[in-house]
Amino acid sequence: MSEARESAVRTAVPRLVVTQDNEFWFRAARAGRLEIQRCADCHTLRHPPAPACPKCRSFDWDTLEASRRCTLHSYTVIHHPRDDAFDYPLVVGLVDLEEGPRLVADISGVDREEIEFGMELEVCFAEHAHGEILPRLRRRGEGER
């Protein structure tokens, strides 16, 4: 979404809150990569990013670049309330990443009638409100970004 479009779109969507715990994730998304936080001590993967490992409570972490391959665990179709930043009906999916953690994102390019639990998807990235780059879900193999 360009600055011109952003100024034309009225949205209640707040700007992203970037912290020292999640900044790596947003930076990777802008570069078209999906990075998952990993505990440096016990190697537990976690998403969303957090300051401490939920398993061993360590504060030491690094990241793993995910394959972006995922399977649809659940989804919902949103009709209301409407916001100019989105196309409706808005389909939002909860996916199991190949590496284990789950991720929530919009599903695009798939007819609602074709969506089914267990379908194979992949994470891509798209511009959202305020020009931010966030994950989006699509059928596997449909595009490069």
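Predicted model: local features only at pLDDT ≥ 70, side-chain atom pairs only at ≥ 80, totals over all residues.
**Entry 1: overall layout.** I began by reading the protein chain along its sequence and noted the pattern α-α-β-β-β-β-β-β-β-β. That makes two helices and eight strands. Along the principal axes, I found that the C-alpha trace spans about 45 × 35 × 30 Å.

**Entry 2: cover and contacts.** I checked how much of the chain is tucked away, and buried residues make up 39% of the 145. The accessible surface comes to about 8,400 Å², and carbon and sulfur atoms hold 48% of it. I also went through the contacts between residues at least 6 apart in sequence; 50% of them join residues at least 24 apart.

**Entry 3: strand β8.** I then turned to β8, which takes in residues 133–139. Is this strand mostly covered or mostly open? It is mostly covered, as five of its seven residues are buried. Strand β6 (residues 102–107) runs parallel to β8, with two bridges joining them. For Ile-107, the bridge partner in β8 is Leu-137.

**Entry 4: the hairpin.** I followed the chain from β7 to β8 and found a hairpin, with five residues between the two strands. One to look at in the turn is His-130, whose phi is positive at about 70°.

**Entry 5: aromatic pairs.** My count of aromatic pairs came to three. One of them is Trp-25 with Phe-26, an edge-to-face pair at 5.2 Å centre to centre and 90° between the planes. Why do I call Trp-25 buried? Its relative accessibility is 8%, and the cut-off for buried is under 20%. Phe-26 counts as buried as well, because its relative accessibility is 10%.

Another pair I looked up is Tyr-75 with Phe-117, which is tilted: 5.5 Å centre to centre and 45° between the planes. Tyr-75 lies in strand β4 (residues 69–78) and Phe-117 in the loop between β6 and β7, so this pair ties together parts 42 residues apart in sequence.

Definitions and conventions:
Residues numbered from 1 in each chain as written. Heavy atoms only, no water. Buried < 20%, exposed > 50% of the residue type's maximum accessible area, 1.4 Å probe, protein only. Helix = DSSP H or I, 4+ residues; strand = E, 2+ residues; numbered from the N terminus. Pairing = 2+ DSSP bridges. Phe/Tyr/Trp six-rings, centres within 6.5 Å; stacked < 30°, edge-to-face > 60°. Contact = heavy atoms within 4.5 Å. Areas by Shrake-Rupley, 256 points an atom, 1.4 Å probe, with all protein chains shown as cover.
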